[in-house]
Amino acid sequence: MAEIRCRKSAALEGEAAEESRSVAAEEEEERRESRGDEDGQEERVQPSTRKSAAASWLQAVLRMFFGAMAAVACGMLYAGYLSGFHDRKFWFSSRQELEWEASFPGGSGLYYHYYKRLLAAPSFSSGFYELTEDNGTVSGRTINAVKQLFLYPELITSFLYRVTGSQNRVEPVSFYLGSVFGLQAVCVSALFVCSWALSGTCVAGMLAVSWFVINRQDASRVEQGVPLRENWALPFFSCQVAALTGFLSRSTGSASEMFCYLMLSACSFSFLLLWELGHYFLFVQGVCLVLLDSLDLVPPRKTADVYRAYLGSLVLVYLAQFQNASLLGSPLLSLLIGSVPARYFQRKMKMKMKVGRLGARVMKLLQVHLVVSCVFTCSFLVKKLFPASGADFTLQLLEAKLGLNSTADFVTNFLLCQEALRAPGQDLFLRLTQTSLLPFYVLVLTVCLLSALQAAFRRLSGQPISSSLRLEDGRIGEQPAVAYHLLHTLLLGVLTLLFDGSVCPGVCPDVSVLVSLSSFCPGFGSKDGGASG
C-alpha cells in the first residue's frame, strides 16, 4: 500500500510539473505575441510620427514662403503707388531736367543738386573730394558739404548708379527717385514682418500695412519732399524695430536670435549715418529698455547686447562722419556710458550681500537712479569738454520748446516757427479718428497696459519669467516684444504732442504694429483668441 501511495504521489507530481511547464509555455507564447504586437505598434507609430513631423515642417516652410511673398508684394505695391502719385502730382515725366530740381519742395532740391554734381564728376572719388572741399555753397568759405548737410544718401546712390552701369539705361533722376521709393517699400515690408513676428500670423502684417497706408499722411513725408533725410533713414529704423522685435521674441542662443542681432546692428548703423536726428530715436529706444529691465520684463542679457550694438554703431558713425562732435554730446552715448557703472554696482551688491525680493526690487530702482544720474553727469562733462558739440544748442531748443527758458537767438526762434517743430493741432486727432486708428489704438493700449501692469506686479511678487507665453493665454503684457512696443509708442506719442512733424513719422508705424494686435488679443478677435489665424 505504501508503494502504491508513493507511485500515486509521484504521478501527481509529474502531472503538476507538466501542467506548470505547459502554463509557462503558454505564458511565454503570450509574452512573445504581446512583444510582437508592441513592436508592430512601434513600427506603425514611427512612420506616423515621421509623417507628422515632415508635414509640420512643410507647413512651416510654406507659411514662411507665402508670408515673405506677401510682405514683398505689399512693399512693391506701395512703391508703385508712390511713383505714380509723385508723377501725377508734379507732372514729372513731362518736365525738363532743369524743372526736376525745382519741383522738389521745401528746398530739398539742394540734395538733388549735389547728387548731380557727383554724377558730373569724372569719377566717384573726385566728386567726393569736391564735396568735402566745397567753396561754392557758402560765399567766401570752404565747407565739408558731406558733413554739414549729411549727403551720405547722395553718395551711396551715385556710387550705386555708377557701379550698376545704369548710365545708359536709367535717367539719374529716375534712379534717385526709385531709390527713395524702394526704401519706402522696404519700410512697409519691415512693418509686415514686425507684426508677423509679434503676433505669429500674416493677417496681423496685412492689418499693420493697411493702417500705415491709410494714415500715410501722418506716417511719412515722402509725398511732401522726396529727398528729405528722414525718407532715407526711417525705412532702416523700421527694419531695426523689426529686428529688435525678433531679437526680444527669440530664445537665447538660437540662430534666429543671432540673425536678428546682426540685422539690428546693421540697421542701427545705417539709421544713425543717414539722419542727424537718429540718435535721439535710439535714445528713446534705450530708455524703454532700461525701464523694462528694471521691471524684469526684458532679460538683462538682451538689454546689454542691444547696448553693445548701439555703442558699436555710434563709434563707426563717428568715424564715418569725419569725427562728428555732436555724437559725443548725444544723450544716447550718455545713456550707454551711464548703464555701465549701474550694472557694475548692481552686480557687486548682489555678490556681497544676500537680498530678498524687496531688496532685489530696491536694487532695480537704484539701477534706474544710477543710470539717470550718470546720463546727466556725462552730458554735463561732454558740454564742458566739447563746447562745440551742439549739445548746448539742442538743450536750448528743448528748453525754449517746453517753455522753461526764453531766448533771443534767431536760429532757435526760427526753428521753433517751423511746421516740423510745432505741436500738433486738432486736425491730427481728427484724421486719426476718421481712419479709426486712434480708437483702436486707445483700446489695444488699455488692454496691453493693464496686462503689462499685472506682469510687473508678478515680477515684484517674485514670480519667475515664463518663456512659453502666447497671445491666446491672456498675458500679452508679459511678452518682452509687446511690452517694448507698448512703452515705445507711449514715449514717442508724448514727443509727438511736442514735435508733430519730427516724431509723428516715427511713431505712426509703431502704432500700426501695436494696433495690428487688436484682432489677436483675447476678447477682440475670434472666440478662440485668434488662434485660428
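These questions and answers walk through a predicted protein model.

Reader: What kind of model is this, and what pLDDT do side-chain atom pairs need to count?
Author: Residues are numbered from 1 along each chain as its sequence is written, and side-chain values use heavy atoms, with hydrogens and water left out. The model is predicted: totals for chains, interfaces and linings use all residues, local features need pLDDT of at least 70, and side-chain atom pairs count only at pLDDT 80 or more.

Reader: How many helices and strands does the protein have?
Author: Helices (H or I, at least four residues) and strands (E, at least two) are DSSP runs, numbered from the N terminus. On that basis, the protein has zero strands and 21 helices.

Reader: What share of the residues is buried?
Author: Buried means under 20% relative accessible area, exposed means over 50%, and partly exposed lies in between (1.4 Å probe, protein chains only). The protein has 533 residues, and the buried share is 42%.

Reader: What part of the accessible surface belongs to carbon and sulfur atoms?
Author: Accessible areas come from the Shrake-Rupley method with a 1.4 Å probe; for residues, only the protein chains shown count as cover. The total for the protein is about 28100 Å². Carbon and sulfur atoms hold 63%.

Reader: Among contacts between residues at least 6 apart in sequence, what share joins residues at least 24 apart?
Author: Contact means heavy atoms within 4.5 Å. Among the contacts you describe, the share is 70%.

Reader: Which side chain makes a polar contact with the side chain of Thr489?
Author: Thr489 sits in helix α20 (residues 480-496). Thr489 is buried, at 1% relative accessible area. A polar contact is a pair of N or O atoms within 3.5 Å; within protein, one must be able to donate a hydrogen and the other to accept it, and residues adjacent in sequence count only if both atoms are side-chain atoms. At 3.4 Å, the partner is Tyr441.

Reader: Is Cys239 buried or exposed?
Author: The relative accessible area of Cys239 is 16%. The cut-off is under 20%, so Cys239 counts as buried.

Reader: How many aromatic pairs are there, and of which kind is the pair of Tyr112 and Tyr115?
Author: Rings of Phe, Tyr and Trp (its six-membered ring) pair if their centres lie within 6.5 Å; planes under 30 degrees apart count as stacked, over 60 as edge-to-face and the rest as tilted. The count is 20 aromatic pairs. For Tyr112 and Tyr115, the centres are 5.7 Å apart and the planes make an angle of 40°, so the pair is tilted.

Reader: Where do Tyr112 and Tyr115 lie?
Author: Tyr112 is buried at 1% relative accessible area, and Tyr115 is buried at 0%. They are three residues apart, about one turn, and both lie in helix α3 (residues 109-120).

Reader: How many residues apart are Phe128 and Phe322?
Author: Phe128 and Phe322 form a stacked pair, 6.4 Å centre to centre with 20° between the planes. Phe128 is in helix α4 (residues 124-132), while Phe322 is in the loop between α13 (300-320) and α14 (331-352). The pair links distant parts of the chain, 194 residues apart.

Reader: Which residue lies over the face of Tyr111?
Author: A charge sits over a ring if NZ of Lys or CZ of Arg is within 6 Å of the ring centre and within 35 degrees of the ring normal. At 3.7 Å from the ring centre of Tyr111, the residue is Arg229.

Reader: What is the phi of Ser436?
Author: Most residues other than glycine have a negative phi. Ser436 lies in the loop between α18 (426-434) and α19 (437-460). Ser436 is partly exposed, at 31% relative accessible area. Although Ser436 is not a glycine, its phi is positive, about 70°.

Reader: Which residues does Gln240 touch, not counting residues up to four places away in sequence?
Author: Gln240 lies in helix α10 (residues 229-249). Gln240 counts as buried, at 0% relative accessibility. Gln240 touches Leu264, Cys267, Ser268, Leu282, Gln285 and Tyr310.
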